[in-house]
Amino acid sequence: MIDLSDVYSARPHVYAALRPTALAEHPLLSEALGLDVRVKHENHQATGAFKVRGGLNLLARLAERPPATLAGIISATRGNHGQSLAFAARLHGVRCVIVVPQGNSNDKNEAMRAFGAELHEHGRDFDDARVHASTLAKQQGLHFVGPFAQELVAGVGTYALELFRAVDDLDTVYVPIGCGSGICGLISARDALGLTTRIVGVVAATANAYALSFAAGRPVETKTADTFADGMAVRVPVPAALDVIRRGAARIVEVTEAEIEEAMRAYFSDTHQVAEGAGAAPLAALLKEGDRAGRRAAVILSGGNVDRGIYARVLSGGWT
């Protein structure tokens, strides 16, 4: 858990480069669901996803160190986290090395390079890439950025503070789970503000390590994490994140690939917004649960960074 003071201290670092994102009402979406729905548009960020908030806070903290002590940073990603770190590192003149799994999204790879990241491809998935990044950090004397650093969660927590300050009578908020910074920022802000809003985590049914772990009460690794929603393609839960989620989340909902695709199409049709798979997953869960969400719900549209080919296929009917 992070303290509200951590989020407040992150705000100057975040808002030096970004503006708060909209919490929008979309009448067609609310009409289709039969309830009051608010969308937190993190897809409007400079990098197209919420992760940039955490990167800005972390790099600002690292930049406070003497220059000679920071040779650079390194991390692993499927895309949005890497863009976040590269964007922030460029602002501070810090070297940024990113490891991605083989076969990673070409569009996201090019975006990371455009922000100044040095890219390495390694492993079959995010978790393999993460282990390799840790090894390279030791070999090259780089600062390894894990997926759940406190500075990342505190920076991400600024979106949660914006959300709860904009509307304080939400019954339920749906948020995707990758490594956990987004949902843990929400839980921390909600608890610090003394609210009773239910927070529901969302995972892909084919990458459900956090759902299994939530049910078992301990970390449960999966053999694969095969989903086109790459922001949720994690097979090894972060224990610290799981602890926060188990204490603060109402439940975790699994959504199928077809349900994610339908939510992406709904966003395009009803709100004219582009949502990547992980960004659309909260809406997929809300569509699945319906009345269980209560009278007023919010969904976190965490990102809009989807490859053109994938998006064209989804809009034309998808894989199913």
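1. Leaving aside neighbours within four places in sequence, Arg53 is in contact with a set of residues that includes Val14, Tyr15, Leu18, Pro20, Thr21, Glu42, Gln45, Gly155, Val156, Thr158, Tyr159 and Glu162, where contact means heavy atoms within 4.5 Å. Arg53 lies in helix 3, residues 52-62; helices here are DSSP runs of H or I with at least four residues, strands are runs of E with at least two, and both are numbered from the N terminus. With a relative accessible area of 0%, Arg53 is buried, a word that stands for under 20% relative accessible area, while exposed stands for over 50% and partly exposed for what lies in between, with a 1.4 Å probe and protein chains only.

2. A word on the basis of these values: this is a predicted model, in which local features need pLDDT of at least 70 and side-chain atom pairs count only at pLDDT 80 or more, whereas totals for chains, interfaces and linings use all residues. Residues are numbered from 1 along each chain as its sequence is written, and side-chain values use heavy atoms, with hydrogens and water left out.

3. The largest nonpolar core holds 50 residues, and Leu163, Ile183, Leu186 and Tyr210 are the ones that touch the most other members; such a core is a set of buried Ala, Val, Leu, Ile, Met, Phe, Trp, Tyr and Cys residues joined through side-chain atoms within 4.5 Å. Helix 7 (residues 150-166) gives the largest share of this core, 8 residues. Apart from residues up to four places away in sequence, Leu186 touches Tyr159, Ala160, Leu163, Phe164, Val173, Val175, Ile199 and Ile300.

4. Grid points are joined across faces, edges and corners, and a volume is the space filled by probe spheres set on the points. The largest cavity contains about 370 Å³ of space, and of its 28 lining residues Lys51, His81, Gly178, Cys179 and Gly231 lie nearest its centre. Helix 4, strand 7 (172-176) and helix 8 (181-192) are the elements that give two or more residues to this lining. By class, the lining has 12 nonpolar, 11 polar and 5 charged residues; Ala, Val, Leu, Ile, Met, Phe, Trp, Tyr, Cys and Pro count as nonpolar, Asp, Glu, Lys and Arg as charged, and the others, Gly among them, as polar.

5. The second largest cavity holds about 40 Å³ of space, and its lining consists of Lys51, Gly54, Gly55, His81, Ser84, Pro147, Leu152, Val156 and Ser181. At least two lining residues come from each of helix 3, helix 4 and helix 7.

6. The largest pocket has a volume of about 150 Å³, a pocket being an open set of points with protein on both sides within 12 Å along at least five of seven lines. Of the 14 residues that line this pocket, Ser105, Phe228, Asp230, Asp307 and Ile310 lie nearest its centre, and the lining divides into 4 nonpolar, 5 polar and 5 charged residues.

7. The structure holds 3 aromatic pairs; rings of Phe, Tyr and Trp (its six-membered ring) pair if their centres lie within 6.5 Å, and planes under 30 degrees apart count as stacked, over 60 as edge-to-face and the rest as tilted. One of them joins Phe87 and Phe115 edge-to-face, at 5.6 Å centre to centre and with 85 degrees between the planes. This pair links distant parts of the chain, 28 residues apart, with Phe87 in helix 4 (residues 80-92) and Phe115 in the loop between helix 5 (106-114) and strand 5 (118-121). Both Phe87 and Phe115 are buried.

8. Phe268 and Tyr311 have ring centres 6.3 Å apart and planes at 75 degrees, so this pair too is edge-to-face. Because Phe268 lies in helix 11 (residues 257-271) and Tyr311 in helix 13 (residues 308-315), the pair ties together parts 43 residues apart in sequence. Phe268 counts as partly exposed at 39% relative accessibility, whereas Tyr311 is buried, with a relative accessible area of 10%.

Conventions
On a 1 Å grid over the protein atoms alone, a cavity is a set of points where a 1.4 Å probe fits but cannot get out, and a pocket is an open set with protein on both sides within 12 Å along at least five of seven lines; lining residues have an atom within 4 Å of a point.
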